[in-house]
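Please read it alongside the sequence and the model.

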Amino acid sequence: MLGTLAKSAGDDPYAVTVASSFEVRTAAVIGDPVWALRAAERGIAVDPHFSFASLGTYLRLARCWALAITGQGPTDAADEAERLIRTHLVSPARTCVSTWYALLGEMRIAAGSLDQAAAALDSAEEYLERYGQRSAEALIILVRAHLEHANGNDRGAVRVAEQARTVALRQGAHLFAQRADRFLARHGQPDIHAHGGPEILHSSSTAHS
């Protein structure tokens, strides 16, 4: 579906930006940095001067996320992402702000900045509660599980991942439930109904191909 949307955009800069913004947001929550980076670069190339500030923000955030998750200057990428969020998403609050703070948490974990990761997740929860952006709720909790693991608290990581799975199933967010299953299968719950290999901060999913 997203491939069809991208093809139908042709060479029109705004249409390409719209199509790419859908792709990068999907790729990021799936956990596919290769797809996110490819789509972000395609969208940014047609609007290098950042004329489409709202949708262009998502493209640049996704590029930061993909670079950080793949170890390409994660600290600089996370710093730039935080600047973009504060400049373009919080005043007024835009859709997906809680999601991007969760993804910023992933970036900070990738950079080894665990206190900053915790702060990003606190911000994600704050915006979730304030504006009801609950589509990212299970993702936020799952990133907290990764943070617990990064802090060496494996028991706490399992407990939080189980919470993420419960929330995801209650909301019908099957993607996040499956990611939680994979995390639990890797970190001490092999009897859980896992769907695929071990969960990491990103995946090499090719479901979009």
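## Aromatic residues and core

Tyr-131 counts as partly exposed, because its relative accessibility is 42%; buried means under 20% relative accessible area, exposed over 50%, and partly exposed in between (1.4 Å probe, protein chains only). The model is predicted: local features need pLDDT of at least 70 and side-chain atom pairs pLDDT 80 or more, whereas totals for chains, interfaces and linings use all residues. Residues are numbered from 1 along each chain as its sequence is written, and side-chain values use heavy atoms, with hydrogens and water left out.

The protein chain holds 10 helices and 0 strands; helices (H or I, at least four residues) and strands (E, at least two) are DSSP runs, numbered from the N terminus. Of its 209 residues, 50% are buried.

Tyr-127 lies in helix α7 (residues 114-131) and is buried, at a relative accessible area of 10%. Tyr-127 and Tyr-131 are 4 residues apart in this helix, about one helical turn. Beyond its neighbours within four places in sequence, Tyr-127 is in contact with residues including Val-90, Val-97 and Tyr-101; contact means heavy atoms within 4.5 Å. Tyr-101 is 26 residues from Tyr-127 in sequence, with 8.9 Å between their C-alpha atoms. Tyr-101, Tyr-127 and Tyr-131 form one aromatic cluster.

The whole structure contains 3 aromatic pairs. Rings of Phe, Tyr and Trp (its six-membered ring) pair if their centres lie within 6.5 Å; planes under 30 degrees apart count as stacked, over 60 as edge-to-face and the rest as tilted. Two of the pairs are tabulated here.

| Pair | Centre distance | Plane angle | Class |
|---|---|---|---|
| Tyr-14 and Phe-52 | 5.2 Å | 70° | edge-to-face |
| Tyr-127 and Tyr-131 | 5.9 Å | 15° | stacked |

Tyr-14 belongs to helix α2 (residues 13-30) and Phe-52 to the loop between α3 (33-46) and α4, so that this pair links parts of the chain 38 residues apart. Tyr-14 is partly exposed at 45% relative accessible area, as is Phe-52 at 25%.

The largest nonpolar core has 67 residues, and those with the most contacts inside it include Trp-65, Trp-100 and Tyr-101. Helix α4 (residues 53-69) supplies the largest share, 10 residues. Such a core is a set of buried Ala, Val, Leu, Ile, Met, Phe, Trp, Tyr and Cys residues joined through side-chain atoms within 4.5 Å. In α4, 13 of the 17 residues are buried.
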